[in-house]
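Me: Hi! Could you walk me through this structure? I'll start with one spot and then zoom out.

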Amino acid sequence: MKILHTSDWHIGRTLYGRKRYEEFDSFLTWLAETIQQNEIDALLVAGDVFDTSAPSNRAQELYYRFLCRVAASSCRHVVVIAGNHDSPSFLNAPRELLKALNVHVVGSSSESLEDEVLVLRSELNAPELIVCAVPYLRDRDIRVAEAGESVEDKEGKLLAGIRSHYAEVAAFAEQKREELGVDIPIVAMGHLFTAGGQTVDGDGVRELYVGSLAHVTAGIFPASFDYLALGHLHVPQKVNGLETIRYSGSPLPMGFGEAKQQKSVCLVVFNHEEGQGKPPSVQLIDVPVFQKLERVKGDWESISSRMIELSATDFQGWVEVIYEGEEVIGDLRERLETAVSGTGVEILRIKNNRIIDHVLGQIHEEETLDDLDVSDVFERCLAVHEVPEDQRPELLRAYQETVSSLYEDDVKAE
């Protein structure tokens, strides 16, 4: 059986205000063709289908058109779970309709394990795979808040809740397999942050829970899972070096920090002829580059030299420039615009670190909100209002918890 594991599409995401629908369309077209060429039996999408909980009409069109195309291919099953960027109720809304296309959607955890433990069947109606489709587990799904809790208490409850949830679905899946009387593989899905996971500056990966300890370890996952398809981290990677616990990574670079990263999807093959219990083989399929990105950084000489090289090679793409030279250049933008005039190079962002470093943390006209995250802004507010240093950590923690709660609100649930 051939399974394709992907995640973190973030359909609708922009890059410094630039819409990227053509890129998403190209990727989904490529993915549908890859599924057909490799005769994939099941597609697993491990969360963050959309970039926001209220995706645009264009983003929705791309998603549903892709599902229709895959349903008409050799692929027998599609399983989609919600990530932290997705609205559970939005993904779930067409769930019953999508079942007719063998598309299984799990937007949120529920009290019934039947909703998360799926038995996928062959064309002859024989069970061939069990999927534990665990969506992003929101704080309120796995932890009961109590007055007077310490941060450590909250983190401990979160990890215990995640561990317990996976143990329950694994036990239920094993029970299902026993009832079926067929020794078929059990594959699990998840959208979470594992300890030691690799991220890239500017990739937009949010901390899922307040507190650094809420990064789960590979040890919390039951041994009965033959493969674990994870989403959330955008860098393709194994967890603890294990071949069968993986992040597929995002198929498109989410920011310039990922520009040189080879994106991929995971092809997971279970060979029934070799007997059950044998680990699946895992192979990465490289995703083509649909929009060229380049980050150019250094002093003016190195930046200018690289711009000349890009122009000479007829580079057609988007560029981010980070100036790190010692010389203060007041007309940096004008110089750069002159350098790329008449070429296919399009500069989306210019960051002048020399100026930023010399304004002592004060926001300068060259520094924009794109350079800051919400916690940076809050910390600057604390400084402006001269809040005592000893009070700031607790206020920052409370602020982060509030922001995390806002991110988890399902705006489509009303």
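Predicted model: local features only at pLDDT ≥ 70, side-chain atom pairs only at ≥ 80, totals over all residues.

Me: Which residues is S122 in contact with, leaving aside neighbours within four places in sequence?
Reply: With those neighbours set aside, S122 is in contact with R76 and E128.

Me: How far apart are S122 and D41?
Reply: In space, 9.1 Å from C-alpha to C-alpha; in sequence, they are 81 residues apart.

Me: OK, zooming out. How many helices and strands are there in the chain?
Reply: The chain has eleven helices and 15 strands. Its residues number 414, and 50% of them count as buried.

Me: What about the largest nonpolar core, which residues touch the most other members?
Reply: That core has 37 residues, and L4, W9, I11, I35, Y63 and F66 touch the most other members. The element giving the most to this core is α1, with eight residues.

Me: Is there a second core, or what else is there?
Reply: A second, separate core has 30 residues, including L113, L137, A173 and F193.

Me: Back to W9: which residues is W9 in contact with?
Reply: Leaving aside neighbours within four places in sequence, the contacts of W9 include F24, F27, Y63, F66, P251 and M254.

Technical notes. Residues numbered from 1 in each chain as written. Heavy atoms only, no water. Contact = heavy atoms within 4.5 Å. Helix = DSSP H or I, 4+ residues; strand = E, 2+ residues; numbered from the N terminus. Buried < 20%, exposed > 50% of the residue type's maximum accessible area, 1.4 Å probe, protein only. Core = buried A, V, L, I, M, F, W, Y, C linked by side-chain atoms within 4.5 Å.
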